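Colleague: I'd like to go through this model with you, and I'll keep asking how you know things. Shall we take a look?

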Amino acid sequence: MMGRPKLHNDEVRRKLLSQAIILLEGEGPAAVRARRVASDAGTSTAALYELFGAKAGLIRAVFFEGFAALQAALAAVPTTDDARRDLIALLATDRAFAVARPMLFEVMYARPFAEFDPSAEELEVGNDIYRLCVKAVSRWLRSEGSSMSPVAAAHVLMATHRGLVTTELAGLFGRSESTRQQRYALGVDTVLAGLLAVEPVGGR
């Protein structure tokens, strides 16, 4: 005798997750409500709760989906014989992701949903991105003959980069794309020059 078919399966889960992201990016966090997501996905809130536990579980899935998408974009950045150019390309890809998908980027880094506050364990999802950055920074420092800790340098660089990106997303970095690009490039160039100009520091 065959068992009853599973109604709330992976396909339904994917539809719910996809619809949550569509609503998030199209209308903002306030639009991501359990009933709205389920209705737009052609299913029920019961299915959403069964598959994600609660709205917090759905936002958690969006959070992880964002990091997966960003990691895939960064991993696709090619490696050339120019370490500095490759590092800048990695940062530029991160910036492009944030500019193209600001609401998803906000879920990943700014916590716009009261229902979801990622734990320390969940925050480890960003470790692969961090390791990519440290690897690129380490390669750049070696190419420049610097003995600075790549971990310390990566922390400073990423903090500056995130600040530049956040300022841009807030609309405070200029009205035109050319102006925003010039100011962003100035910020990155300045911090890279600064890291090479100082004495090596620890931080491992």
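Modeller: Gladly! The accessible surface of the chain comes to about 11,400 Å², and 54% of that belongs to carbon and sulfur atoms. Such areas come from the Shrake-Rupley method with a 1.4 Å probe, and for residues only the protein chains shown count as cover. This is a predicted model, where local features need pLDDT of at least 70 and side-chain atom pairs count only at pLDDT 80 or more, while totals for chains, interfaces and linings use all residues. Residues are numbered from 1 along each chain as its sequence is written, and side-chain values use heavy atoms, leaving out hydrogens and water.

Colleague: How many helices and strands are there in the chain?

Modeller: The chain has ten helices and zero strands. Helices (H or I, at least four residues) and strands (E, at least two) are DSSP runs, numbered from the N terminus.

Colleague: What makes Phe 63 and Phe 64 an edge-to-face pair?

Modeller: Rings of Phe, Tyr and Trp (its six-membered ring) pair if their centres lie within 6.5 Å; planes under 30 degrees apart are stacked, over 60 edge-to-face, and the rest tilted. By this rule there are five aromatic pairs. The centres of Phe 63 and Phe 64 are 5.4 Å apart and their planes stand at 85°, so the pair is edge-to-face. Phe 63 also pairs with Phe 67, again edge-to-face, at 5.1 Å centre to centre and 70° between the planes. Phe 63 and Phe 67 both lie in helix H4 (residues 55-75), four residues apart, about one turn of the helix.

Colleague: Which residues form one aromatic cluster?

Modeller: The cluster consists of Phe 63, Phe 64, Phe 67, Phe 105, Tyr 109 and Phe 116.

Colleague: Why is Phe 63 called buried, but Phe 64 partly exposed?

Modeller: Buried means under 20% relative accessible area, exposed over 50%, and partly exposed in between (1.4 Å probe, protein chains only). Phe 63 has 0%, so it is buried. Phe 64 has 26%, so that residue is partly exposed. Phe 67, at 5%, counts as buried. Of the 204 residues of the chain, 39% count as buried.

Colleague: What makes Pro 78 count as exposed?

Modeller: Its relative accessibility is 59%, so Pro 78 counts as exposed. You'll find Pro 78 in the loop between H4 and helix H5 (83-100). Pro 78 is eleven residues from Ala 89 in sequence, and their C-alpha atoms are 8.7 Å apart in space.

Colleague: How do you know that the charged end of Arg 162 sits over the ring of Tyr 109?

Modeller: A charge sits over a ring if NZ of Lys or CZ of Arg is within 6 Å of the ring centre and within 35 degrees of the ring normal. Arg 162 has its charged end over the Tyr 109 ring, 4.3 Å from the centre. The charged end of Arg 95 sits over the ring of Tyr 184 at 4.8 Å from its centre.

Colleague: What does His 161 touch, beyond residues up to four places away in sequence?

Modeller: His 161 touches Leu 91, Asp 94, Arg 95 and Tyr 184, where contact means heavy atoms within 4.5 Å. This histidine is found in helix H9 (residues 150-169). At a relative accessible area of 1%, His 161 is buried.
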